Amino acid sequence: MAIIVRLDMMLAERKVKSKDLAAHIGITEANLSLLKSGKVKGVRFSTLEAICQYLDCQPGDILCFEPETRLPECLESV
């Protein structure tokens with residue numbers, strides 16, 4: 001997968017529970033879990049905006065792109 005979802009790392013960094021984020025942005029915990037795992041085909045900009053606003057971050061803090069042929073740079077520091 002070329003798009004890496006780092007939402008779980010951002011939640012841990014901000015010490016925010018998935019349950020609280022889901023409630024605040026108005027999506028189910030199940031859908032947030034699918035988003036965190038990268039098992040979604042897309043995300044609405046309004047959802048991404050609400051996540052970034054709640055976590056005080058940028059979209060690039062949550063999503064990163066890397067070609068499939070190499071280790072994602074956004075995961076090298078993990």
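Biologist: In this predicted model, how are H2 and H4 oriented to each other?

Modeller: The general idea is to take the angle between the two axes and ask which class it falls in, where 65 to 115 degrees counts as roughly perpendicular, over 145 as roughly antiparallel, under 35 as roughly parallel, and the rest as oblique. Here the axes of helix H2, residues 18-25, and helix H4, residues 45-55, cross at roughly 125 degrees and come within 10 Å, and H2 and H4 are therefore oblique to each other. The crossing in which H2 passes H4 is right-handed.

Biologist: Which residues of H2 and H4 make the contact?

Modeller: On the H2 side they are Asp20, Leu21, His24 and Ile25, and these meet Thr47, Ala50, Ile51, Tyr54 and Leu55 of H4. When the residues of this contact of H2 with H4 are sorted by class, six are nonpolar, two are polar and one is charged.

Biologist: At what angle do the axes of H2 and H3 cross?

Modeller: The axes of H2 and helix H3, which spans residues 29-37, cross at roughly 110 degrees and come within 9 Å. Because that angle lies in the range of 65 to 115 degrees, H2 and H3 are roughly perpendicular to each other. This crossing, with H2 passing H3, is right-handed. From H2 the contact uses Ser18, Lys19, Leu21 and Ala22, while H3 contributes Glu29, Leu32 and Lys36, and the classes in this contact of H2 with H3 are three nonpolar, one polar and three charged.

Biologist: How far apart are the axes of H1 and H3?

Modeller: Helix H1, residues 7-14, and H3 have axes 7 Å apart and pack at an angle of about 110 degrees, so H1 and H3 are again read as roughly perpendicular to each other. Leu7, Asp8 and Leu11 of H1 make the contact with Leu32, Leu35 and Lys36 of H3, and by class the contact of H1 with H3 holds four nonpolar, no polar and two charged residues.

Biologist: How should I read a cavity, and how many of 30 Å³ or more are there?

Modeller: A cavity is a space where a 1.4 Å probe fits but cannot get out. In this model the count comes to one cavity of 30 Å³ or more, and the volume of the largest cavity is about 30 Å³.

Biologist: Which residues line the largest cavity?

Modeller: The lining is made by Val5, Leu7, Leu35, Val43, Leu48, Ile51, Ile62 and Leu63, and by class this lining has eight nonpolar, no polar and no charged residues. Some of these names have come up already: Leu7 and Leu35 take part in the contact of H1 with H3, and Ile51 of H4 takes part in the contact with H2.

Terms used. Residues are numbered from 1 along each chain as its sequence is written. This is a predicted model: local features need pLDDT of at least 70, side-chain atom pairs count only at pLDDT 80 or more; totals for chains, interfaces and linings use all residues. Side-chain values use heavy atoms; hydrogens and water are left out. On a 1 Å grid over the protein atoms alone, a cavity is a set of points where a 1.4 Å probe fits but cannot get out, and a pocket is an open set with protein on both sides within 12 Å along at least five of seven lines; lining residues have an atom within 4 Å of a point. Grid points are joined across faces, edges and corners, and a volume is the space filled by probe spheres set on the points. Ala, Val, Leu, Ile, Met, Phe, Trp, Tyr, Cys and Pro count as nonpolar, Asp, Glu, Lys and Arg as charged, and the others, Gly among them, as polar. Axes are lines fitted to C-alpha atoms, for helices over the stretch in contact, and angles run from 0 to 180 degrees between N-to-C directions. Helices (H or I, at least four residues) and strands (E, at least two) are DSSP runs, numbered from the N terminus. A crossing is left-handed if the near helix is turned anticlockwise from the far one by less than a right angle, and right-handed if clockwise. Contact means heavy atoms within 4.5 Å.
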